[in-house]
Amino acid sequence: STLFPYTTLFRSASKQPWTIVSMAREAGRYIRNCEGKVVVVISYMVFRHVYTLRLLKRLYPKKVVQACVVPDIFFPTRWIHKKVNKYTERMSSKFDAYVLYTAKMADYLNIKKGHYEVIEGFREVLHRKPESGVEFKVVYAGLLNVRYGVGRLVEAMQLIDDPDVQLHLYGAGSAEQMIRNAMQNDKRIVFHGRVPHDEATDAIYSASALIN
């Protein structure tokens, strides 16, 4: 619909301020009762969290240390979202500390050296149970949304000729129909949908490679 950007903007403009005020009020109550500096950490670089943290820094400049965990960076397609995203990135670049998944994120956000730590890497899973009959099992469990790159993950299977490589997807989201269509052309793609927590955990532990 041609009205989508305007209705989205209206909803966002009416909802975001109340969320920001609520979070700033609760955090401020905690900050005022603490002695010394308080490190405020946000776990996602989204507008309402970033703006709240910038607001807290202005209200309590000598007490608040701003820290942000940046698990990913969004690249929106609609002009409204692009504008908000760029404004959010500019605010985020003024934080005191960051936790990044890759060093390239620091380059993109213009973060100075010494202000961030990179936690990319691998973790061995004890008592891992490899699945017999599958040479290489790739597992993704979580939100199956196109904007998170699930589409690219599915399309990447077309570049792999090895019949022993399988892609197993667990969860739900906007990419479900695309995944089902891809399954018809490639039997190595397996869609499980929503499953109980224990089943998802077993799938993760049995993976040859886990997509996070």
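Does Tyr87 count as buried, partly exposed or exposed, and at what relative accessibility? Tyr87 counts as partly exposed, at 36% relative accessibility; buried means under 20% relative accessible area, exposed over 50% and partly exposed in between, with a 1.4 Å probe and protein chains only.

1. Basis of the model. This is a predicted model, in which local features need pLDDT of at least 70 and side-chain atom pairs count only at pLDDT 80 or more, while totals for chains, interfaces and linings use all residues. Residues are numbered from 1 along each chain as its sequence is written, and side-chain values use heavy atoms, with hydrogens and water left out.

2. Confidence. The pLDDT, the predictor's confidence in each residue from 0 to 100, averages 85 over the chain, and 86% of the residues score at least 70. Over residues 1-6 the pLDDT is below 50, and this stretch has five contacts in the model beyond near neighbours in sequence; contact means heavy atoms within 4.5 Å. Where pLDDT is low, the predicted coordinates should not be read in detail.

3. Strands E1, E2 and E3. Helices (H or I, at least four residues) and strands (E, at least two) are DSSP runs, numbered from the N terminus. Strand E1 (residues 38-42) pairs with E2 in the parallel sense over five bridges, and E2 pairs with strand E3 (residues 97-100) in the parallel sense over four bridges; two strands pair if DSSP finds at least two bridges between them. Ala67 of E2 is the bridge partner of Val41, and the bridge partner of Ala67 in E3 is Ala97. Strand E2 (residues 64-70) is mostly covered, with five of its seven residues buried.

4. Crossovers. E1, H2 and E2 make a right-handed β-α-β unit. From E2 the chain crosses through H3 to E3, and this β-α-β crossover is right-handed. The term right-handed applies if, with the strands pointing away from the viewer, the path from the first strand over the helix to the second runs clockwise.

5. Helix H2. This helix (residues 47-59) has 13 residues and reaches 18 Å from its first C-alpha to its last, close to the 18 Å expected at 1.5 Å a residue. The expected span is 1.5 Å times one less than the number of residues. The buried residues of H2 are Val50, Thr52, Leu53, Arg54 and Leu56.

6. Aromatic pairs. Rings of Phe, Tyr and Trp (its six-membered ring) pair if their centres lie within 6.5 Å; planes under 30 degrees apart count as stacked, over 60 as edge-to-face and the rest as tilted. By this rule there are three aromatic pairs. Phe47 and Tyr87 form a tilted pair, 6.2 Å centre to centre with 35° between the planes. This pair links distant parts of the chain, with Phe47 in helix H2 and Tyr87 in helix H3 (residues 79-92), 40 residues apart. Phe95 and Tyr98 form a stacked pair, 6.1 Å centre to centre with 20° between the planes, and both Phe95 and Tyr98 are buried. Phe47, Tyr51 and Tyr87 form one aromatic cluster.

7. Two loop asparagines. Asn110 lies in the loop between helix H4 (104-109) and strand E4 (116-118). Its phi is near 60°, a positive value in a residue other than glycine, and Asn110 counts as exposed at 63% relative accessibility. Asn145 is found in the loop between strand E5 (136-141) and helix H5 (150-156), and is buried, with a relative accessible area of 16%. Not counting residues up to four places away in sequence, Asn145 touches Val150, Gly173, Ser174 and Ala175.
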